[in-house]
Amino acid sequence: MVIASSVPFNCHGGEEREGCLSCPWRSPCTMNSSEFRRRGKEMTDFVADYLDGIEGRQVYPDVQPGYLRSLVPSTAPEEPDAFEDIINDVERIIMPGVTHWHSPYFFAYFPTANSYPAMLADMLCGAIGCIGFSWAASPACTELETVMMDWLGKMLKLPEAFLAGEAGQGGGVIQGSASEATLMALLAARTKVTRRLQAASPGLTQGAIMEKLVAYASDQAHSSVERAGLIGGVKMKAIPSDGKFAMRGSALQEAMERDKAEGLIPFFVVATLGTTSCCSFDSLLEVGPICNKEDVWLHIDAAYAGSSFICPEFRHLLNGVEFADSFNFNPHKWLLVNFDCSAMWVKKRTDLIGAFKLDPVYLKHSNQDSGLITDYRHWQLPLGRRFRSLKMWFVFRMYGVKGLQAYIRKHVQLAHEFEHLLHQDPRFEICAEVTLGLVCFRLKGSNKLNEALLERINSTKKIHLVPCHLRDKFVLRFAICSRTVESAHVRLAWEHISQLASDLLGAEKE
């Protein structure tokens, strides 16, 4: 029997010996490094088997709200559970309630990225476990992020002003989501205009300015834009989009002139490149010069479409970015970097940092004023941040730019294949231009008819779609999402939709 002294856990190199169970130094969790190696290999196999076999799983679950509570105890276990029991419960409890976003039959929302290199990088991120709020908290965490954001910016051919480089005034940061990026940009713009107006008129209070501030976005902008206005305490006005669901310069200028005549202060515009409903593109080349002339902050939200700009044939969709103050898109949607990884750039990082900088003594360090590095805690809402740039580093190196471009092009090709199938069936209509990986379509007829078709599609659970409204029309969205989706899956989905449409139309005639 071994008697424990002042030596803490794993005092025999992790080997269990007689008396270990009663040892006062025993770790409450029995997983040591040896056990972790074994279980880690098992988990890798489990994940690989799950993704290899995901096509055979029903894409949408057969559960009702509250299904899970009755399957788990009402309190946490007093004693440790066995790893085998936990893994068995994954299949018994978790998987029945999972919507399989990476199934090749998942065509809802927009893609969420998934790749093996990113998963491996996330494992390393978890192992390092740093909280990279400052350079001193983990220099590699800060510096790799700065470099990766420059790598990505160069892949997009962003103007030099957005890059950090070795002495640039701009730079990039990884946010958790496009929603956070929009909010950060709005708050920075609010602070900037408030300070400018107070400098010109020292008697102006912040409250007096705030009540007059007004922001703008297309009526097709994501709901997170409106939410940013609510959180920021400013008016947010929707600009009517044109026949292609795009915000045009003339409509924006008219709204600004009207508001200025009423004593309001335009200060912030969100231009969307690739709207959620139909992947439409606001006219940057019209909106940008107006924002620059009016001294209004222009933020670009390209959450989904931004990934495609690494392909030369789609880069023109970003023309006009030179007018913007900030730009954001989500590599975690379409660039094979697992969630969360939302890339945001600013032309002048002092505009962003200056709005949020607080320096308590316990966060200060001797290098923070060197000018060579940045502390990302000043670029975001939370203090703590994970080592997310590892995912970018792994993915960019293991796929290469050409591999990522091929992935984007394949998805776009599959979307056009589905578009072609729709064109061959006169019962259907396409409701918006197909530019990237989204097709918006409907049966010719009433909204009620299309609501019934979507209900049939999703209730059979062979594929999964979500709808949108385009003006007064109820429209079905078909988004190419999965990393493993192929032409055969698209064609099977079309055959399924076509048959359900035939059944529905037949029932309507009876």
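Modeller: Ring pairs link F107, F418, F428, F441, F478 and W494 into a cluster. Rings of Phe, Tyr and Trp (its six-membered ring) pair if their centres lie within 6.5 Å; planes under 30 degrees apart count as stacked, over 60 as edge-to-face and the rest as tilted. A word on the source: this is a predicted model, where local features need pLDDT of at least 70 and side-chain atom pairs count only at pLDDT 80 or more, while totals for chains, interfaces and linings use all residues. Residues are numbered from 1 along each chain as its sequence is written, and side-chain values use heavy atoms, with hydrogens and water left out.

The whole structure holds 16 aromatic pairs. One of them joins F428 and F441. This pair is tilted, at 6.0 Å centre to centre and 50 degrees between the planes. F428 sits in strand β8 (residues 428–430) and F441 in strand β9 (residues 438–443), so the pair ties together parts that are 13 residues apart in sequence. Helices (H or I, at least four residues) and strands (E, at least two) are DSSP runs, numbered from the N terminus. Both F428 and F441 are buried. Buried means under 20% relative accessible area, exposed over 50%, and partly exposed in between (1.4 Å probe, protein chains only).

Now the loop between β8 and β9. T435 is placed there. T435 has a relative accessible area of 17%, so it counts as buried. Beyond its neighbours within four places in sequence, T435 is in contact (heavy atoms within 4.5 Å) with F281, F314, L317, V412 and H416.

Next, the largest nonpolar core. It has 80 residues. Such a core is a set of buried Ala, Val, Leu, Ile, Met, Phe, Trp, Tyr and Cys residues joined through side-chain atoms within 4.5 Å. V269, F309, F327, W345 and L436 have the most contacts inside this core. Helix α12 (residues 389–423) gives the most to it, with eight residues. F327 touches F309 and W345, among others. Its partners also include L156, F162 and M344.

Last, some backbone features. Most residues other than glycine have a negative phi, and most peptide bonds are trans. L336 has a positive phi of about 65 degrees, although it is not a glycine. L336 lies in the loop between α10 and β7, and is buried at 1% relative accessibility. D340 is placed in the loop between α10 (331–334) and β7 (342–346). The peptide bond from F339 to D340 is cis, with omega near 5 degrees.
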